[in-house]
Amino acid sequence: MSKKVLTILAVSGLLGAGVIGATSASAHFGKMNATSSSLVSHKQADKDKHNGSKTTTTSAKSNATKKAHSKTDATPKNASETKVASSSVKAAQPATTQTQTQTDATTPSTNKVTSFDQLTQNQQLAMLADSCFAYKPTGTQFNVYMPTADQFVIYDIGEGVGGWPDHAVRFTNNHNGTYTIAGAESSGSSNSQMTSQNSYWKTIQNVSESSMVARFNQMDSSTRNMLENAFNIQATDFPYLPIQQNAIPNTNESGSQNEVSTSNFDRLPQNEKYVLMAKVGLGVANARSSYDVYAPSRDQVIIYDKGEGAGGWAMHSIRVTDNHDGTVTINRPVSDTAQATSQMYKGNSYWGQAVTATKAELLQAGDMLGQQDVNAVANVMVTIPGDFSYLPITQNTMPK
């Protein structure tokens, strides 16, 4: 990545993911062999460390014993000297015990995982995410879309550069000790042009459970814990590209279907439209939260989930533009200079990372929610005619 750009998206999915792009996916798997050799090196280092500690213990114990014997063998001149000699022998004992305790502390743990099935679901997701992203997938958040247990998408919502195609990976459980990894492929010329109508999942390679178990045993606990707590699991399909779509849809048939979907979407009450936009753009639409919709113009609105506190405004706001061609463009706040979302404000941020969603996809998101939930969320949508105070709706470039 040539620049640090923070993607802001609400946390709602299942399995975290990383950078697998349509044109550069194969470049993201170079660290697999390095991980294997690193594991061997760590095991040899631990073995040498253990042998060294054992030798030190034996030497320390021998020296302490010799010292004790030399003091005992000396013939005392009187009872006082006999008492001192006896005391010296007793003093030699704790030294040996302390050395043994230190040796035990340096002995590596033998409590290793031997099977992928021994891991919890979040641990399995952590190792799957770790296996497919070229960058270290820590300090981020993942949505896991899992309509079925055998096939699911991990979407890294904490990384902004490149849009969803570069941060979404589909996994298929082959039930033979391997998972198949697939990335988004498209006939579109850029990520911003990729939609469910011109894209599909293309197989990249397999990853074995044994290699992930080895990596799990080698990974430091702090990194592992960070990954395990980064997943938000949803029992829904991936909103940008159906999980089972392995080929580009027939465009002749989809044309009339899109026209019908567009017409159906446009007939929805305004707040219901916002609910579906929030579901697709933010990944979640929750009736227990509250939403402000800033609508200074008819064709462009900002939806802000102000009921979610973690991450601040930048993690929970999107801009939606109606393109009047059956699609909407969804933008998220990004920054070229801020190192964290807490550092983002309108002086260093802009609306970037555009993705396009069809109105048919918005309707599908509504079907997943169900009409009852759609109505409930619509009731907590409040429309505000003014501009968004955190980031002007027309700010498309980094402020100078």
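How many bridges join β7 to strand β8, and in which sense do the two strands run? Four bridges join them, and the strands run antiparallel. Strands pair when DSSP finds at least two bridges between them. This is a predicted model, in which local features need pLDDT of at least 70, side-chain atom pairs count only at pLDDT 80 or more, and totals for chains, interfaces and linings use all residues. Residues are numbered from 1 along each chain as its sequence is written, and side-chain values use heavy atoms, with hydrogens and water left out.

Start with β7, residues 291-294. Strands (E, at least two residues) and helices (H or I, at least four) are DSSP runs, numbered from the N terminus. In a regular strand the side chains alternate between the two faces of the sheet. In β7, Y291 and V293 point one way, while D292 and Y294 point the other way. All four are buried, meaning under 20% relative accessible area with a 1.4 Å probe and protein chains only; exposed is over 50%, and partly exposed lies in between.

Now look at the partners of β7. Strand β8 covers residues 300-305. A hairpin of five residues joins β7 to β8. Y291 stands opposite D305 in β8. β7 also pairs with strand β12, residues 381-384, in the parallel sense over four bridges. There, V293 stands opposite T383.

Q244 is exposed, with a relative accessible area of 63%. Leaving aside residues up to four places away in sequence, Q244 touches Q151 and R170. Contact means heavy atoms within 4.5 Å. Q244 and R170 are 74 residues apart along the chain, yet their C-alpha atoms are separated by 9.5 Å.
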